[in-house]
Amino acid sequence: MSSIVELALNHWVVIEQGVILASLLMILWVYLAMAWGAPWIPRSTRTIDRMLSLAEVKPGQKVIDLGAGDGRIVVRAARKYKAFAEGVEIDPVRCLTAKAWIRLLGLGAKAQVRLGDLRRYDVAGADVVTLCLLQGTNQKLKNRLEQSLKPGARVVSHLSSISGWTPTALDERYGIFVYEIGRTGEEVRTRIYA
């Protein structure tokens with residue numbers, strides 16, 4: 001035991017520098033994710049199911065997850081809801097994790113996650129777009145979503161609303177907001193779930 005302590009004391013500077021470097025890399029990883037759109041917070045299967053259920057995802061529809069993380073929403077949409085699901089993720093580690101998970105589950109024909117920037121990802125043709133982003137990121141995407149999505153497409157957001165849009169469904173318990181393109185004004189009667 002004393003040899004381990006002695007070794008640590010003899011190499012303390014190297015150990016200390018390694019700990020500092022690892023800490024800085026972790027902080028950078030977290031803050032870069034926030035700068036890209038949101039910190040990665042894994043969503044539970046129950047929350048994902050609630051999001052996809054409120055968005056009324058049907059088999060064969062196209063679901064796009066902006067900021068896909070490890071691909072949980074993409075996998076669930078393809079596996080349970082039989083949708084064609086794709087996601088975009090800027091973090092290469094999470095993107096590789098999502099790709100591995102999709103391959104392991106044999107969902108390659110119905111699901112994919114691409115490495116890229118959610119602010120530039122083409123959402124045209126999507127029936128449903130899912131967001132688990134910060135409020136400010138949602139606002140930055142708002143105009144592009146309005147211009148790119150066809151009327152009737154749904155945008156479902158977890159924990160952050162989209163200012164200026166009226167949700168067609170709101171789950172207060174889970175913090176889920178569902179919007180329908182073309183029906184985001186005052187004529188919408190919001191279905192509220194407590």
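Leaving out residues up to four places away in sequence, Val 63 touches Leu 52, Val 57, Ala 77, Ala 83, Phe 84, Ala 85, Glu 86, Val 128 and Thr 130, where contact means heavy atoms within 4.5 Å. The model is predicted: local features need pLDDT of at least 70, side-chain atom pairs count only at pLDDT 80 or more, and totals for chains, interfaces and linings use all residues. Residues are numbered from 1 along each chain as its sequence is written, and side-chain values use heavy atoms, with hydrogens and water left out.

Val 63, Leu 52 and Val 57 have the most contacts inside the largest nonpolar core, which has 29 residues. Such a core is a set of buried Ala, Val, Leu, Ile, Met, Phe, Trp, Tyr and Cys residues joined through side-chain atoms within 4.5 Å. Helix 4 gives the most to this core, with five residues. A second, separate core of 21 residues includes Val 88, Leu 118, Trp 165 and Tyr 179.

Gln 61 is in contact with Glu 56, Ala 83, Phe 84, Asp 127 and Arg 154, neighbours within four places in sequence being left aside. The side chain of Gln 61 reaches the backbone nitrogen of Lys 58 at 2.9 Å.

Zero disulfides are found in the whole structure, a disulfide being a pair of cysteine sulfur atoms within 2.5 Å. For Cys 95, the nearest cysteine sulfur, that of Cys 132, is 16 Å away.

The table lists buried residues (under 20% relative accessible area; exposed is over 50%, partly exposed in between; 1.4 Å probe, protein chains only).

| Residue | Relative accessible area |
|---|---|
| Cys 95 | 2% |
| Cys 132 | 11% |
| Gln 61 | 16% |

Definitions and conventions. Polar contact = N/O pair within 3.5 Å; in protein donor to acceptor, adjacent residues only side chain to side chain. Helix = DSSP H or I, 4+ residues; strand = E, 2+ residues; numbered from the N terminus.
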